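Dear colleague,

Please find below the structure that I am handing over to you.

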Amino acid sequence: MPNRYNGRDEDNIPNTDNEDTMLLPGGVNPYNAPPKQELPPLRRVNRRSTSSQQGSSGASQQPPHFPQSGQPPQFPHSQQPPQFPHSAPPQQPNYNDPQYYDYNQQSPQEYSGGGYYAPPMDEPAPPPPPKQPQKRKKTSAPQPEAEERPKKKKRHHKSLLRRIVGRVFKTVLALFMILFCMYSCTSVALIKKMDYLPSESRTHYADTLGRGHVRSILVIGTDGRTADDKGRSDSMILVSLNSKTNEIIMTSFMRDCYVELPNTGSWDKLNAAYAYGGADLLMDTIEYNFDVRIDDYVAVDFASFVSVVDAVGGIDIDVSNEEAEEINVILISEVNELMGDDRMSDLLSGGGKLHLNGKQALSYSRIRKVGNSDFERTERQRRVMSLIIAKLKKFKPSIFKNLASDVIPDVSTNMSTPKAYLYSLRLPFALKYKTKQIQIPVEGSYTAADVDVGNVLQVDFGENRKVIDEEVFAKD
């Protein structure tokens with residue numbers, strides 16, 4: 001192994017390094033070098049190719065000047081290659097070797113001190129991938145930031161009064177729902193017991209424009225003795241519910257009114273329409289002659305009327321001595337026999353403030369020979385109906401139990417179950433309405449006449465239509 005210090009026993013060589021010299025082995029003096037000079041400041045070298053510089057900057061620049069002597073680059077200050085005293089002179093490099101830079105392809109970059117060097121062989125950077133066009137998102141209008149409201153402190157404990165009120169309200173609501181369900185179930189059960197007779201297609205003759213606040217039901221009392229005996233309409237009372245005035249208006253149409261039967265061209269008494277065409281023809285006849293629309297009806301016979309009065313517990317009414325005698329005559333002649341009782345039962349001893357049962361009230365409603373014939377007769381019928389409504393307002397459970405068992409099965413109507421149920425929902429409120437009575441024809445709007453069908457009342461229809469419009473369809 002050669003001596004560590006190139007044949008010398010110790011390393012005693014002074015350090016004479018500077019920018020242009022280097023320490024040589026073996027104590028060899030440094031090569032001749034000019035005095036030390038200050039180097040100019042280095043400038044930044046762009047290692048990219050000239051073409052990339054031009055493409056990126058967009059400005060044309062002059063290429064730097066390079067020597068054409070084929071000599072390697074020199075030191076910047078001495079302009080001489082380094083010499084090594086203890087070795088052979090450095091071999092001249094072969095610049096045709098591919099490891100050296102090809103000056104024909106790329107010019108070397110000029111060094112700031114006057115020298116040149118070959119830039120490294122950097123591979124050209126691949127072109128960036130093309131950018132995909134991005135869909136522009138619809139910019140929505142900037143939403144104003146909601147102002148932060150100070151949070152209210154939650155009350156962790158409700159007051160005792162508030163909790164009590166809440167429990168009471170929930171209890172009342174639960175009771176109301178239970179009662180409503182019970183009422184609805186009872187109403188539907190009663191409605192289904194009625195004899196449903198749907199009306200055929202009818203032609204309405206009355207104008208209903210502006211009259212939607214009034215609903216009218218025609219209550220027909222027939223003189224049929226049995227369920228199969230249709231008979232004639234003994235009483236015709238139009239019960240109207242006016243939601244504007246909160247009134248129940250009972251309008252009696254007298255049976256002897258001389259009217260024209262629609263679609264026939266013939267004239268007859270009003271009660272004959274029921275005998276000819278049933279409830280539908282009767283409703284059409286009233287609409288055609290008196291201009292009042294009727295959609296629904298309820299028909300009761302003698303037996304049903306007796307059951308209604310008995311179901312409400314009878315009625316209290318003032319009866320004169322003449323009326324009491326006539327009640328006894330009607331009981332003996334037909335009513336007691338019709339109801340299957342002894343002919344001499346339930347007779348009155350005289351007049352006064354009397355409590356009448358169903359048979360006695362029916363006989364009272366049929367009186368014609370006392371007073372002003374049929375005029376007072378219809379008045380008695382309206383009086384009895386008013387007393388029945390007053391009893392219904394008391395809302396006793398026993399009343400509805402008797403109605404369900406004795407009355408409803410004998411009642412016939414053209415109302416469907418849903419429509420009748422809607423009427424039943426309105427009934428509790430309608431019972432609080434005031435009652436009012438009207439008789440058609442009104443006083444001074446008729447004359448008595450004797451025609452081929454008997455004694456009749458010739459009616460001034462214009463005057464009676466005016467009264468109906470003012471009284472039944474009033475708005476205040």
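The model is a predicted one, in which local features need pLDDT of at least 70 and side-chain atom pairs count only at pLDDT 80 or more, while totals for chains, interfaces and linings use all residues. Residues are numbered from 1 along each chain as its sequence is written, and side-chain values use heavy atoms, with hydrogens and water left out.

The sheet

Helices (H or I, at least four residues) and strands (E, at least two) are DSSP runs, numbered from the N terminus. Seven strands form an open sheet with mixed pairing, in the order β3-β12-β9-β4-β5-β6-β13; two strands pair if DSSP finds at least two bridges between them. The edges are β3 (195-196) and β13 (434-440), each with a single partner strand, so one side of each has no neighbour in the sheet. Within this sheet, β4 (residues 214-222) and β5 run antiparallel and are joined by nine bridges. Ile220 has Met236 in β5 as its bridge partner.

A further pair is formed by β14 (residues 446-451) and β15 (residues 454-459), which run antiparallel with six bridges between them. A hairpin of two residues joins β14 to β15, and Ala448 stands opposite Leu457 in β15.

The helices

Helix α3 lies across β4, β5, β6 (247-253), β9 (296-300) and β13, at about 140° to β4. Helix α9 (residues 417-430) lies across β4, β5, β6 and β9, at about 100° to β4. Axes are lines fitted to C-alpha atoms, for helices over the stretch in contact, and angles run from 0 to 180 degrees between N-to-C directions. Contact means heavy atoms within 4.5 Å.

How do α3 and α10 cross? The axes of α3 (residues 272-290) and α10 (residues 461-471) come within 9 Å and cross at roughly 100°. That makes α3 roughly perpendicular to α10, a term for angles of 65 to 115 degrees. In this contact, Tyr288, Asn289 and Phe290 of α3 meet Phe461, Asn464, Arg465 and Ile468 of α10. By class, four of these residues are nonpolar, two polar and one charged. Here Ala, Val, Leu, Ile, Met, Phe, Trp, Tyr, Cys and Pro count as nonpolar, Asp, Glu, Lys and Arg as charged, and the others, Gly among them, as polar.

The cavity

A search of the whole structure finds one cavity of 30 Å³ or more. A cavity is a set of points, on a 1 Å grid over the protein atoms alone, where a 1.4 Å probe fits but cannot get out; lining residues have an atom within 4 Å of a point. The volume, the space filled by probe spheres set on the points, is about 40 Å³ for the largest cavity. Its lining consists of Asp234, Ser235, Met236, Phe253, Arg255, Asp374, Arg377, Thr378 and Gln381. The elements that give two or more residues to this lining are β5 (233-242) and α7 (373-392), and α7 gives the largest share, four residues. By class, the lining has two nonpolar, three polar and four charged residues.

The backbone

The peptide bond from Ile440 to Pro441 is cis, with omega near 5°; Pro441 is in the loop between β13 and β14. Asn246, in the loop between β5 and β6, has a positive phi of about 55° although it is not a glycine.

With kind regards

Definitions and conventions. Angles under 35 degrees count as roughly parallel, over 145 as roughly antiparallel, 65 to 115 as roughly perpendicular and the rest as oblique. On a 1 Å grid over the protein atoms alone, a cavity is a set of points where a 1.4 Å probe fits but cannot get out, and a pocket is an open set with protein on both sides within 12 Å along at least five of seven lines; lining residues have an atom within 4 Å of a point.
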